[in-house]
Amino acid sequence: MPLPDTGVHFARCLKLLSTLHMASDDTLPDDRRKMMESINRFLQDSVPHNHELGLSVVDLGVAEATMRLPYAEKLVGNPETGVLHGGAVTTLIDAACGISVFMKMARMARIATLDLRIDYLHPAMPGKDLLARAECYKLTRAVAFVRALAHHGDPANPVASAQGTFIIVED
């Protein structure tokens, strides 16, 4: 299966990604903003569900990604409490984990979630955006290992924690 045509947006940042592993201090190039814009366009164009939820990348690292899920009434799971639906939180975490895999690989390849375990620690607060920070901490030839926290701005008080694996499909 070929990569989607929308990969052209992501391809713009691949040149930048390739420089990441050459840096000795694990910092991103100066044009981090351009990289995030390219990744956000790729996410919105290739995964309509991400676009509908309003997901966006807000920070990147060598093997890390932080994404935002803006609070919206249409994403509420329980109208009586105003708490976000768990499916929206799951999508946020899964997307952040996937981007962290791309950041670790520093190249384009097809990936898919193999396993994603999420522990919900407490409900998301009504009216507040949710952030998810994911890290790809181990990369093998065929599998990437990730972990993530979802929170409202304080990682010490997470809404959810996650651990998962992604398959890497080489063409």
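**Close-up views of a predicted model**

The chain comprises four helices and eight strands, where helices (H or I, at least four residues) and strands (E, at least two) are DSSP runs numbered from the N terminus. This is a predicted model, in which local features need pLDDT of at least 70 and side-chain atom pairs count only at pLDDT 80 or more, while totals for chains, interfaces and linings use all residues. Residues are numbered from 1 along each chain as its sequence is written, and side-chain values use heavy atoms, with hydrogens and water left out.

**View 1. Overall composition of the chain.** Of the 171 residues, 43% are buried; buried means under 20% relative accessible area, exposed over 50%, and partly exposed in between (1.4 Å probe, protein chains only). Among contacts with a separation of 6 or more, 63% join residues 24 or more positions apart, a contact being heavy atoms within 4.5 Å.

View 2. Six strands form an open sheet in the order 1-2-6-7-8-5, with antiparallel pairing. Strand 1 (56–61) and strand 5 (110–120) each have a single partner strand and stand at the edges, so one side of each is left without a neighbour in the sheet. From one strand to the next, the twist averages 20°. Two strands are taken as paired if DSSP finds at least two bridges between them.

**View 3. Pairing of strands 1 and 2.** Five bridges connect strand 1 and strand 2 in the antiparallel sense. The two are joined by a hairpin through two residues. Within this pairing, Val57 is placed opposite Met67 of strand 2.

View 4. Strand 6 and strand 7 are antiparallel over eight bridges and form a hairpin with three residues between them. Ala134 faces Ala148 of strand 7 as its opposite residue. Strand 7 (residues 143–151) also pairs with strand 8 (residues 160–169), in the antiparallel sense and over eight bridges. Here Val146 stands opposite Gly164, and Val143 has Ile167 as its bridge partner.

**View 5. Helices against the sheet.** Helix 2 (residues 32–46) lies across strand 1 and strand 2 (64–69), and runs at about 135° to strand 1. Helix 4 (residues 86–105) packs on the sheet, where it touches strands 1, 2, 5, 6, 7 and 8; its direction makes about 40° with that of strand 6 (130–139). Axes are lines fitted to C-alpha atoms, for helices over the stretch in contact, and angles run from 0 to 180 degrees between N-to-C directions.

**View 6. Surroundings of Asn50.** Asn50 belongs to helix 3 (residues 48–53). With a relative accessible area of 6%, Asn50 is buried. Leaving aside residues up to four places away in sequence, Asn50 touches Leu43, Leu55, Thr91 and Ala95.

View 7. One aromatic pair is found in a search of the whole structure. The ring centres of Tyr137 and Phe145 are 6.5 Å apart and the planes stand at 45°, so the pair is tilted. Rings of Phe, Tyr and Trp (its six-membered ring) pair if their centres lie within 6.5 Å; planes under 30 degrees apart count as stacked, over 60 as edge-to-face and the rest as tilted. Tyr137 is partly exposed at 29% relative accessible area, and Phe145 is also partly exposed, at 27%. Arg147 lies over the face of Tyr137, 4.0 Å from the ring centre; a charge sits over a ring if NZ of Lys or CZ of Arg is within 6 Å of the ring centre and within 35 degrees of the ring normal.
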